[in-house]
Amino acid sequence: MKNKFIVLGILFASFGVCQMNAQINLGEKAIGALQKGVTSFTLTNADAAKLSKEAVDKMDAEHEVAGPNDGYTLRLNRLFGKHTAGEGYTLNYKVYKLKEVNAFATADGSVRVYSGLMDIMDDNELLAVIGHEIGHVANNDSRDAMRAAYQKEALIDGVSSQSATVSTVTDSQLGKIGSAMIDSKHSRKQEAEADLFSYDFMKKNGYNVNAEESAFRILAKMSEGTEASFLDKMMSSHPDSKQRAEDAKKRAEKDGVYKAYVQQKIVNTVPAAKAKTKKKTTTKKK
Ligand SMILES: [Zn+2]
C-alpha cells in the first residue's frame, strides 16, 4: 500500500501541467461529504470542495511538502502569495518535493506545484503556469472534474440517487473518485480557456506575457524527448504544447508586445540575505 501514489514521468508530456496519476483512499471524514452527495446525486459546490479538500489533505500527508523556510516555498510565496484571492475563489498553495514536472489545482482552491516544475521554469514561466491553474479553479473546471468523477463512480456502482445509506459508498469507491478527481482530464476547450485566463492574468499583473509561450515551448521540448511514448502521441484529447505555445504567441502578437522570451535565472535556494537574517534572529521585544 506504500505505492498508492504513482506518477509517471511521461505524464506531463502527454497532458500538460494539470495532470497526474494518483490513487488515494479518502478518509472517514470524506464519507460524510460524499454521502450528502449521494442523497442529491449531484454534488453541491460545497460538497465538491469539501471532498476535494479531503483528497488534498491526504495527498499532502503522503508527500514531502516543502517547509516554510524552504527555498521552493519562499519562491512560491514571492510569486504566488499575492494572487491567492480572486473573484469567487480563494487559493492555497504548497510545493511537493517531487522531480516530476507537474502542477495541479482542485475544486477547493488548492494548487500544488512540484519542485520538478520549479526547477525548469523561471519566475515568469512559473507565473504563467500558476495563472493557468488559477484559471481552472476560476472557471470551475476543477469542480466539474470532481463532479464528473463522482457521478461516474456512483453510476457504475449503481448507487441510487435516493440512497442515503453510507454503506453503499465503499472506501474503494472513494479512492476511485479521488483518483479520478486528481487526474482531472480537462477538455481541450477548458485547457484553451485556462491558457487564455493565464495570458490575461499575466497581462493584468504586468508580467511578461511572452513567458507563456516559453513555458509551453519547454513542455513541447520535453514531450519530444525519449520519454514520449507511443501512447502519448495517441492521446489526442489534449492540445499539444506546441499548439498552445503558438496560441500564446499569437495573443502577444495581437497585443503588439510579442518578443521571443529569454529564460531568466532560476533560483530555488533560500536567498543569501534571508538565510543570514535567519541565523541572527534575536528575541523580539514582547
Ligand atoms: Zn490545464
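Trainee: What does helix 4 (residues 71-80) lie across?

Mentor: Helix 4 lies across strand 3 and strand 5, and runs at about 150° to strand 3. Such angles go from 0 to 180 degrees between N-to-C directions, with axes fitted to C-alpha atoms, for helices over the stretch in contact. This is a predicted model, where local features need pLDDT of at least 70, side-chain atom pairs count only at pLDDT 80 or more, and totals for chains, interfaces and linings use all residues. Residues are numbered from 1 along each chain as its sequence is written.

Trainee: What makes strand 4 and strand 5 a pair?

Mentor: Pairing takes at least two DSSP bridges, and these two have three, in the antiparallel sense. A105 stands opposite V111 in strand 5. The whole open sheet has three strands in the order 3-5-4, with mixed pairing.

Trainee: Why do strand 3 and strand 4 stand at the edges?

Mentor: Strand 3 (92-96) and strand 4 (103-105) each have a single partner strand, so one side of each lacks a neighbour in the sheet.

Trainee: What makes V113 stand out in the largest nonpolar core?

Mentor: Of its 40 residues, V113, L117, V129 and A215 touch the most other members. Helix 6 (residues 123-138) gives the largest share, eight residues. A core is a set of buried Ala, Val, Leu, Ile, Met, Phe, Trp, Tyr and Cys joined through C-beta atoms within 7 Å; buried means 20 or more other C-beta atoms within 10 Å (exposed: 12 or fewer; partly exposed: in between).

Conventions: Helices (H or I, at least four residues) and strands (E, at least two) are DSSP runs, numbered from the N terminus. Two residues are in contact if their C-beta atoms, placed from the backbone, lie within 7 Å.
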